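Welcome! Have the sequence and the model open beside you, and try each exercise before reading its solution.

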Amino acid sequence: MTNRKFPNNQWRIDYRPDRDRWETYRTPIDWPKELYGWLWQTFGHPGTDPDTGEHSGWDYHGGRIYFSSEDHVSMFLLKWS
């Protein structure tokens, strides 16, 4: 038995005050099916919108997902927990 920092089937979301955002990590192969599709449909294009220059409120890199709004965290947890 291993003591993994990010166990399967569990989203651990921590607030990072130095970056003013919430972060979660999970091995991408372990993500629920259609997670990316739901993120795009719910929050729009990740990163900065090339047309408006506005940040869409979420971003991901590898197994990390970043949220800039507590409302987004709540919505995410309601859907995927």
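## Getting started

Helix 1 is followed by Gly44, whose phi is positive, near 85 degrees. Helices here are DSSP runs (H or I, at least four residues), and they are numbered from the N terminus. Please keep in mind that this is a predicted model, in which local features need pLDDT of at least 70, side-chain atom pairs count only at pLDDT 80 or more, and totals for chains, interfaces and linings use all residues. Residues are numbered from 1 along each chain as its sequence is written, and side-chain values use heavy atoms, with hydrogens and water left out.

## Exercise 1: a helix and its buried residues

Task: find which residues of helix 1 (residues 35–43) are buried.

Solution: 
- Start with the cut-offs: buried means under 20% relative accessible area, exposed over 50%, and partly exposed in between (1.4 Å probe, protein chains only).
- In helix 1, Leu35, Trp38, Leu39 and Phe43 are buried.
- These residues span an arc of only 100 degrees around the axis, which puts them on the same side of helix 1. The arc is that of the directions from the helix axis to the C-beta atoms.

## Exercise 2: aromatic pairs

Task: how many aromatic pairs are there?

Solution: 
- Apply the rule: rings of Phe, Tyr and Trp (its six-membered ring) pair if their centres lie within 6.5 Å; planes under 30 degrees apart count as stacked, over 60 as edge-to-face and the rest as tilted.
- The count comes to 5 aromatic pairs.
- Take Trp38 and Trp80: their ring centres are 5.9 Å apart and their planes lie at 85 degrees, so the pair is edge-to-face.
- Trp38 lies in helix 1 and Trp80 in helix 2 (residues 70–80), so the pair ties together parts that are 42 residues apart in sequence.
- Trp38 is buried, with a relative accessible area of 13%, and Trp80 is buried too, at 15%.
- Ring pairs link Trp11, Trp38, Phe67, Phe76 and Trp80 into a cluster.

Definitions and conventions. Helix = DSSP H or I, 4+ residues; strand = E, 2+ residues; numbered from the N terminus.
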